[in-house]
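Thank you all for coming; today I would like to walk you through the charged side chains of one model. Let us bring it up on the screen.

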Amino acid sequence: MRAIIPIPAFSDNYIWLIHDGRHAVLVDPGDATPAFAALAALRLELRAILLTHHHPDHVGGAAELAAATGAAVYGPSRTACGTTFHTLAGDERVVLGTPELALEVLAVPGHTRDHLAYYGIGALFCGDTLFAGGCGRLFEGSPAQMFSSLQRLARLPHDTLVFCAHEYTLANLRFACRVEPENAALAAREMAERAKRERALPTLPSTIGLERATNPFLRCQEPAVIAAAGTAAGQRLEEPVAVFTALRAWKDRFTE
Ligand code: ZN
Ligand code: FE
């Protein structure tokens with residue numbers, strides 16, 4: 001058996017826990033305390049920690065967890081996480097024996113310069129790159145980099161489960177509905193996700209197929225998205241990267 005469960009952390013982070021009933025992997029443990037509690041409650045032995053990028057809300061608990069358990073840590077080169085770790089650059093694999101797990105490492109720069117995503121077992125762990133209904137802010141990378149990273153993720157199989165690192169879905173979908181008010185799949189999703197949050201359930205995982213149908217940042221070739229981004233930017237946009245750039249700038253100042 002294999003399960004993937006969320007461990008809520010801080011105000012809106014999810015640390016993802018992958019386990020086989022005995023052994024576990026954590027993705028982006030920004031806080032050790034809730035991670036230790038989940039491992040103890042399920043009587044799991046931590047074997048590995050996968051980090052997507054160097055931000056403290058993703059790596060803050062890694063050193064303490066690794067010191068207490070001996071878990072191997074994997075992450076991009078500039079991860080100052082306070083412990084030794086295996087440096088990954090993308091286009092390689094992480095293969096673990098327990099739990100049995102082989103994940104492809106994808107370089108997805110944009111939110112940070114060396115952001116990584118992990119893909120396998122029908123699941124994508126994408127940190128702050130692709131969010132449900134949105135995407136991460138561009139702290140280090142260029143819009144063109146983020147655009148091609150998102151395109152790369154969008155090409156994964158439609159039924160791939162998307163485990164991103166934050167519960168930003170409702171705010172993202174409010175913006176998406178402003179971009180595409182006529183998108184019926186988006187309107188239906190917005191209602192469904194709102195119902196989950198009213199019951200305090202996570203909106204994740206999402207799927208690549210659902211993101212392609214409803215996430216404006218993956219829909220930069222859709223006429224409605226091109227038109228809305230052009231109106232927001234005050235100019236006619238043609239290239240998908242220009243549409244993406246305008247959407248990201250619009251979302252950055254969108255507060256409703
Ligand atoms: Zn981040
Ligand atoms: Fe984050």
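I would like to begin with Asp-114, which counts as buried at 16% relative accessibility, where buried means under 20% relative accessible area, exposed means over 50%, and partly exposed lies in between, using a 1.4 Å probe and protein chains only. Before going on, please keep in mind that this is a predicted model, in which local features need pLDDT of at least 70 and side-chain atom pairs count only at pLDDT 80 or more, while totals for chains, interfaces and linings use all residues. Residues are numbered from 1 along each chain as its sequence is written, chains are lettered from A and ligands numbered from 1 in the order in which they are written, and side-chain values use heavy atoms, with hydrogens and water left out.

Which residue does Asp-114 meet in a salt bridge? The partner is Arg-78, at 3.2 Å from N to O, a salt bridge being a side-chain nitrogen of Lys or Arg within 4 Å of a carboxyl oxygen of Asp or Glu. Arg-78 itself is partly exposed, at 32% relative accessibility.

A second pair joins Glu-222 and Arg-219 at 3.9 Å; here Glu-222 is partly exposed, with a relative accessible area of 33%, whereas Arg-219 is buried, at 12%.

Across the whole structure, the search finds 14 salt bridges.
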